Amino acid sequence: MTTASSSASANKDAPVHAPQNAFKHDKGVLLVGGASVQELVERSEGRPFYAYDRTVMSRTAERLRAALPERISLHYAMKANPMPEVVQHMASLTNGLDVASAAELKVALATGISPRDISFAGPGKSVEDIEAGVSAGVIMVIESATEAQRIAELARARDIRAPVALRVNPDFQLKASGMKMGGGAQPFGIDAEQIPALLTTLRHEPLDILGFHIFSGSQNLRAESIIDAQAKTLELASRLAMHLPDRLRWLNIGGGLGVPYFPGEKPLDVAPIMSALAERLEQHTVLLRDTEVVMELGRYLVGEAGVYICAVSDKKQSRGVTYLVTNGGLHHHLSVTGNFGQVIRKNYPVAIANRMDGDDLESVTIVGPLCTPLDLLANQMPLPRARIGDLVAVFVSGAYGYTASPHYFLSHPKPLEFCL
Ligand SMILES: *Cc1c(COP(=O)(O)O)cnc(C)c1O
């Protein structure tokens with residue numbers, strides 16, 4: 001068995017994909033969680049599928065844990081991959097779960113973890129969301145003054161004090177982030193400068209205000225940017241904590257750790273980030289004396305543990321381009337096509353899953369069955385020469401895949417999911 005490496009590049013100096021070390025292959029066939037993808041195709045009766053490997057999730061979490069300061073509570077942000085089996089496994093590897101809807105909350109509670117280890121964030125929570133969260137006793141992360149009032153009203157009606165935290169839109173940005181979710185004008189959270197006045201108005205409400213949630217961005221592969229954001233997050237928390245009615249008891253410092261998707265991107269070295277964080281925490285020992293400090297991660301924990309598999313249904317030439325047409329595509333996996341927040345489309349690491357040892361390369365463009373030029377899985381990639389019936393694997397598909405894709409578009413069958 002050998003480690004799956006991503007495709008070789010025709011041009012020696014062109015940037016290449018980071019090696020795909022998560023999965024092995026046997027006799028040229030990719031293995032996920034001990035099963036060959038061909039076995040999985042039989043199980044799926046030919047339908048495209050996502051396969052997630054628990055062992056890879058465990059390994060990623062263990063490696064991170066080895067570097068993470070001991071006092072940090074690690075949370076899994078469920079929106080990255082809310083498949084119940086995945087969430088159950090992640091619950092066993094982390095200290096808590098972050099949910100963003102009543103349906104996600106249900107899955108989180110079903111794992112059996114304590115409601116106090118669940119936080120519920122997201123702008124525009126519905127009445128049902130708020131009722132579900134407050135009833136369960138999870139930490140409600142307040143995203144606006146209106147939401148604070150709604151939660152307070154419900155708590156009053158039930159004669160309880162609801163545990164809450166305020167989501168702060170920071171007065172800084174996470175530099176070089178794939179997705180900025182803090183700084184400037186944002187629909188997320190409450191501007192840092194509005195927090196003191198809001199805390200004053202909430203003084204007599206039946207809310208147990210535990211602390212803050214400060215999330216500045218996502219998919220970051222630059223250690224210095226993350227270190228910088230963490231330092232600023234702790235400074236901001238320190239400034240705002242003075243206005244809390246009680247001591248700071250809960251602080252979610254966000255996450256933002258990225259995974260390499262595209263040629264030239266390298267895996268993040270977490271060691272320097274975590275040692276810088278440990279130092280920062282030391283500098284704030286008074287502030288953090290009674291505080292649970294949470295780091296929340298989604299894609300970093302599950303992204304590399306997932307692969308998407310579809311089959312080649314046609315192969316054709318058009319004016320010098322060789323096309324592989326597959327039975328899967330944009331409707332199953334929006335982000336591989338570059339349509340999930342990417343500014344410029346780049347190729348994900350892709351392989352021919354039943355020719356992992358193949359060395360007779362040809363440049364191919366892989367598309368899905370949808371009648372739109374957006375349905376592009378790989379653009380001019382050198383891959384082992386493929387035939388109709390061969391399998392295409394898209395790596396780094398464990399996060400923002402299945403549930404982040406428009407399954408109904410063109411009414412083809414939905415993909416399946418396996419957690420192995
Ligand atoms: C989406 C989201 C996350 C997870 O981001 P990843 O890039 O998947 O780690 C964490 N926290 C909040 C508040 C989010 O909205």
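## Y400 and its loop

Y400 sits in the loop that links β22 (391–394) to β23 (416–419); strands here are DSSP E runs of at least two residues, numbered from the N terminus. This is a predicted model, where local features need pLDDT of at least 70, side-chain atom pairs count only at pLDDT 80 or more, and totals for chains, interfaces and linings use all residues. Residues are numbered from 1 along each chain as its sequence is written, and side-chain values use heavy atoms, with hydrogens and water left out.

Phi of Y400 is near 55°, positive even though the residue isn't glycine. Most residues other than glycine have a negative phi. Y400 is also buried, at 11% relative accessibility (buried is under 20% relative accessible area, exposed over 50%, partly exposed in between, with a 1.4 Å probe and protein chains only).

## Around the ligand

Y400 turns up again here: a polar side-chain atom of Y400 lies 2.6 Å from a ligand oxygen. K79 also brings a polar side-chain atom to 2.8 Å from a ligand oxygen, while R299 uses a backbone N or O atom, again at 2.8 Å from an oxygen of the ligand. On its own the ligand exposes 390 Å², and the protein buries 92% of that (Shrake-Rupley areas, 1.4 Å probe).

β14 (217–220) and β16 (292–297) are the elements giving two or more residues to the shell.

## R319, the exposed case

R319 also has a positive phi, near 45°. Its loop runs between β17 (306–318) and β18 (321–326), and R319 is exposed, with a relative accessible area of 86%.

Terms used
Helices (H or I, at least four residues) and strands (E, at least two) are DSSP runs, numbered from the N terminus. A polar contact is a pair of N or O atoms within 3.5 Å; within protein, one must be able to donate a hydrogen and the other to accept it, and residues adjacent in sequence count only if both atoms are side-chain atoms.
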